[in-house]
Amino acid sequence: MAQIKNMVALTLFALILSSCSNASESGDIFGRWVMTEVVYDDGSVNQLEAGNFVDINADTITEVIKGFGNRQYPYTRQDKVLTLTTDDEQITWQILSEATHHLEVATPIGKYKLTRGAEQSPANHQKGVGDN
């Protein structure tokens, strides 16, 4: 009987840890990220001017790039892989590094280097507040 209680307790503990881990992972990249540069496969770097950003919400990613307009994609996340869906194809973004104020993502275009201030972190980001 004691073994069954231990198994149930361990199972519940594992479930709790798993759901806490998934909850923190799902919202940690939400918010508006300023695109500071793109590093291309050949090593060249495009330093971007103000006004280029990526907005990540629970179910969509919006890229706003001067000269190219706005592009919004539904996406799913599996660990460090974001799968964006366009009309007839899926695009993979690989999270290379993430922190509260810095995010690097490998995309088919190149490596996006993104930053955000404290006012744009998940705890302070509300849809429509502070968005331009």
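**View 1. K113 and its salt bridge to E37.** In this predicted model, K113 is partly exposed, with a relative accessible area of 25%. K113 pairs with E37 in a salt bridge, and the closest N and O atoms are 3.5 Å apart. K113 belongs to strand β9 (residues 111-115) and E37 to strand β1, so the pair ties together parts that are 76 residues apart in sequence.

View 2. E37 sits in strand β1, which spans residues 31-39. Its relative accessibility is 13%, so E37 counts as buried, the limit for buried being under 20%. The side chain of E37 also makes a polar contact of 2.7 Å with the side chain of Q47. Apart from neighbours within four places in sequence, E37 is in contact with V45, N46, Q47 and L48, and also with K111, Y112 and K113.

**View 3. Salt bridge between K111 and E104.** The side chains of K111 and E104 meet in a salt bridge with an N to O distance of 3.9 Å. K111 counts as partly exposed at 27% relative accessibility. E104 is likewise partly exposed, with a relative accessible area of 22%.

View 4. The side chains of E98 and R77 form a salt bridge of 3.3 Å, N to O. This pair links distant parts of the chain, 21 residues apart: E98 is in strand β7 (residues 90-98) and R77 in strand β5 (residues 69-78). E98 counts as partly exposed, at 26% relative accessibility. Salt bridges with shared partners join D28, R77, K80 and E98 into one network. In the whole structure, a search finds nine salt bridges.

Notes
Residues are numbered from 1 along each chain as its sequence is written. This is a predicted model: local features need pLDDT of at least 70, side-chain atom pairs count only at pLDDT 80 or more; totals for chains, interfaces and linings use all residues. Side-chain values use heavy atoms; hydrogens and water are left out. Helices (H or I, at least four residues) and strands (E, at least two) are DSSP runs, numbered from the N terminus. Buried means under 20% relative accessible area, exposed over 50%, partly exposed in between (1.4 Å probe, protein chains only). A polar contact is a pair of N or O atoms within 3.5 Å; within protein, one must be able to donate a hydrogen and the other to accept it, and residues adjacent in sequence count only if both atoms are side-chain atoms. Contact means heavy atoms within 4.5 Å. A salt bridge is a side-chain nitrogen of Lys or Arg within 4 Å of a carboxyl oxygen of Asp or Glu.
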